[in-house]
Amino acid sequence: MSAGGWVTMVAFWAVVVGLAVWAVSRMFPTQGAGDARTTLDGRLASGEIGPETYRSLVGELDAASTVAKEGYR
């Protein structure tokens, strides 16, 4: 087999392996951790926490984000 044949074969297998990796990654997508507010929403929806606890934690998150935006003074 000549050098051109080897290059073609390597390129072919690189494409095949690349397509396989792409297909598997599409079949099993990863989920990001999400933000804290989304996690709280999910916990409230599942009944893991009550509305009072939810409101308290959301208030703390809002206060923390305000401090983070304004910085420490």
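Tutor: Let us begin with accessibility: buried means under 20% relative accessible area, exposed means over 50%, and partly exposed is in between, with a 1.4 Å probe and protein chains only. This is a predicted model, in which local features need pLDDT of at least 70 and side-chain atom pairs count only at pLDDT 80 or more, whereas totals for chains, interfaces and linings use all residues. Residues are numbered from 1 along each chain as its sequence is written, and side-chain values use heavy atoms, with hydrogens and water left out.

Student: Why is aspartate 41 called partly exposed?

Tutor: Aspartate 41 has a relative accessible area of 35%, which lies between the cut-offs of 20% and 50%, and therefore the residue counts as partly exposed.

Student: How many salt bridges does a search of the whole structure find?

Tutor: The search finds two. Glutamate 48 and arginine 43 also meet in a salt bridge, with 3.1 Å from N to O.

Student: Which accessibility classes do glutamate 48 and arginine 43 fall into?

Tutor: Glutamate 48, at 54% relative accessibility, counts as exposed because that value is over 50%, while arginine 43, at 31%, counts as partly exposed.

Student: Why is the pair of phenylalanine 12 and tryptophan 13 called edge-to-face?

Tutor: Rings of Phe, Tyr and Trp (its six-membered ring) pair if their centres lie within 6.5 Å, and planes under 30 degrees apart count as stacked, over 60 as edge-to-face and the rest as tilted. By this rule the count comes to one aromatic pair. The rings of phenylalanine 12 and tryptophan 13 are 5.2 Å apart, centre to centre, with 75° between the planes, so they pair, and the angle makes the pair edge-to-face.

Student: How do you know that phenylalanine 12 and tryptophan 13 are partly exposed?

Tutor: Phenylalanine 12 has 48% relative accessibility and tryptophan 13 has 49%, so each value falls between 20% and 50%. Tryptophan 13 is found in helix 1 (residues 3-27).

Terms used. Helices (H or I, at least four residues) and strands (E, at least two) are DSSP runs, numbered from the N terminus. A salt bridge is a side-chain nitrogen of Lys or Arg within 4 Å of a carboxyl oxygen of Asp or Glu.
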